[in-house]
Amino acid sequence: MSKQRFSEIKKLHQKKFRDESEKFIIEGWKTIEEAVKSGMTLETIVYDEEKILDNKLFQVIKKSAKEMLTATTKEIDALSDTVTSQGIIAVLPKLSSLHHLANLIHNKSAMIVAVDQINDPGNLGTIIRTCDWFGVDAMVVSKNSVDVYNPKVVRATMGSLFHFPVVDNTDLVSFLKKSKHEGYSVYTTALSGSKDLRTAYWEKKSILVIGNESHGVSKEVSFFADTRLKIPSFGKAESLNAAMACGIILSYLKLK
């Protein structure tokens, strides 16, 4: 692998260059296998020949890639975002779910989750994975949240990012304003002035907003709430992890 290609790929760890190139990095055999199964385009594969453990899987990955580059263990480790690299990294084009969301807005029924200022990569990735698990129709990520294509976010989605529609870098206020005009009801979480989750009525066209880990939903976004929800507490903890709160609400909604 040339020094130029190494430098170009390494830059993708920075949001600025991911945005400019419209590309992002994934790593690890399982994650790359999930990307292939989801029909993703693998623009580049960088691999360490000494770490090919499953030749059959490698051949499948190889057929799906436009460019194959061999690298030393040292180079792979420098490109990796994990403590122990598995010896394989892929570069993919960013996904676009804007068309899906635009169509979804006009549906007679839909469930959308929006996140407001989620800063922790693990939380955002887990929320994406959770929404995928519970069959949410789409997810919207606010501009002031962590980047969806941050390597830690991508890993935490466990492959859900490759097939579950996520629209990132969204002006949440404008989105909610437009959605309410289309008949959507907005639900947010709140500790005060809120309704017990178990007594809430969910409309056919619903948007659930999950707020910041420390401060909850912002005032600007909370203004659009038709219903403020509270998850009943049975212990002494002050609050719940954002991803956990999302999972509890969605499980109640889907299972009741």
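**Strands, sheet and overall fold**

User: In which sense do β2 and β3 pair?

Analyst: Good place to start! Strands here are DSSP runs of E with at least two residues, and helices are runs of H or I with at least four, numbered from the N terminus. Two strands pair if DSSP finds at least two bridges between them. Strand β2 (residues 42–47) has five bridges to β3, and the sense is parallel.

User: Which residue in β3 does Val 46 stand opposite?

Analyst: We stay with strand β3 here. The residue opposite Val 46 is Leu 69.

User: What is the order of the strands in the open sheet?

Analyst: This is a predicted model, where local features need pLDDT of at least 70, side-chain atom pairs count only at 80 or more, and totals for chains, interfaces and linings use all residues. Residues are numbered from 1 along each chain as its sequence is written, and side-chain values use heavy atoms, without hydrogens and water. The sheet has four strands with mixed pairing, in the order β1-β4-β2-β3.

User: Which are the edge strands?

Analyst: An edge strand of this sheet pairs on one side only. That picks out β1 (23–27) and β3 (65–70).

User: How many helices and strands does the chain have?

Analyst: Now we look at the whole chain. The count is eleven helices and eleven strands.

User: What share of the chain is buried?

Analyst: Buried means under 20% relative accessible area, with a 1.4 Å probe and protein chains only. Of the 256 residues, the buried share is 48%.

Methods
Buried < 20%, exposed > 50% of the residue type's maximum accessible area, 1.4 Å probe, protein only.
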